[in-house]
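This report describes selected local features of one model. Please consult the sequence and structure shown below while reading.

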Amino acid sequence: MTQKCAIVTGAARGIGLATAKLFLEEGLRVAIVDWDTDELNLHKDLPDTLLLDLDISKPDDVTAIFERTLAWSGRVDALVNNAGIAEFGPVNNTDFAMWRRVMQTNLDGTFLCTQAAIPSLTETKGSVVNIASISGLRASTLRVAYGTSKAAVIQLTKQHAAELGEHGIRVNCVCPGPVRTKLAMAVHTQEIIDAYHDAIPLNRYGSEREIAEVIAFLCSDKASYVTGQIIAADGGFESTGVGLP
Ligand code: NAD
């Protein structure tokens, strides 16, 4: 099979779905992984896609992602570790169960998928893009679990890039600013929305497509000498240091 193949986790909606659609436009086949069966089934008529109803935080499910993708496409050229959950709350209201839920998907899932991808990406000299967040670059209130998980994803990116370069595998990270997805709008109060508009030099939220374009660039041969990089796609938020509530 010569057609390139990408695996995008958490791609039933939001930034992951926009990324999957952009890869399809570029001629790749795409394995769409998501644990939300209803959202996943909305895409069963998309050509050149494999829908995988699996949980990236479970080792057996991650093994299945790669076995089933390889049986379908014969190769993996790109892995986008996009699946994520956000739960916000002050430190005193962040119980251990919430902390673990956030870490299991955002951090454990990213670790497990990348480790499972190493044999196939070694064959194709492929690449990994992790999706962290501006909340992993800078601390603000309510994000003790989410922000810490994303800061860990940033460090994981550097660790993996340092070790996997000798296999020809590039590993980079995109830190999106706010995008009006289901995840964000569940935790962004009006106060947070207003603060972002003021703090972001471009004075607006980003779109799913604007994030997908950066991910696709990092996966492409145009980025063939780029690895271990953390790129904020955030309308300039990180560059200013203006705070949030
Ligand atoms: P979203 O909720 O629209 O999409 C996330 C998808 O991941 C969902 O379809 C969900 O079902 C899936 N998912 C979650 N946990 C999973 C698991 N364990 N196994 C399989 N699938 C799982 O959210 P989004 O905003 O598109 O988020 C995509 C990524 O971007 C996340 O990692 C998020 O943290 C990050 N991000 C988003 C924003 C934003 O403002 N939207 C900002 C910064 C970073």
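## Basis of the description

Helices (H or I, at least four residues) and strands (E, at least two) are DSSP runs, numbered from the N terminus. The model is a predicted one, in which local features need pLDDT of at least 70 and side-chain atom pairs count only at pLDDT 80 or more, while totals for chains, interfaces and linings use all residues. Residue numbers start from 1 along each chain as its sequence is written.

T94 is located in the loop between strand 4 (78-81) and helix 4. With 19 other C-beta atoms within 10 Å, T94 is partly exposed; a residue is buried at 20 or more such atoms, exposed at 12 or fewer, and partly exposed in between, with C-beta atoms placed from the backbone. Apart from neighbours within four places in sequence, T94 is in contact (C-beta atoms, placed from the backbone, within 7 Å) with G89, W99, V144 and A145.

L142 is 48 residues from T94 in sequence, and the two C-alpha atoms are 8.9 Å apart. The loop between strand 5 (127-131) and helix 5 (144-164) contains L142, which counts as buried because it has 21 C-beta neighbours inside 10 Å.

## Backbone with positive phi

Most residues other than glycine have a negative phi. L142, which is not a glycine, has a positive phi near 80°. N203 is also a non-glycine residue with a positive phi, of about 55°. N203 lies in the loop between helix 7 (190-199) and helix 8 (208-219) and, with 11 C-beta neighbours inside 10 Å, counts as exposed.

## Helix 3

Helix 3 comprises 15 residues, 59-73, and spans 21 Å from first to last C-alpha, close to the expected 21 Å; the expected span is 1.5 Å times one less than the number of residues. Its buried residues include V62, I65, T69 and S73. These cover an arc of only 45° around the axis, so they lie on the same side of helix 3; the arc is that of the directions from the helix axis to the C-beta atoms.

The buried residues of helix 3 are covered by elements including strand 1 (5-9), strand 2 (29-33), strand 3 (49-52) and helix 4 (96-124). On the face turned away from the buried side are the exposed residues P59, D60, E67 and A71. G74, with a positive phi near 80°, follows helix 3.

Methods. Contact = placed C-beta atoms within 7 Å.
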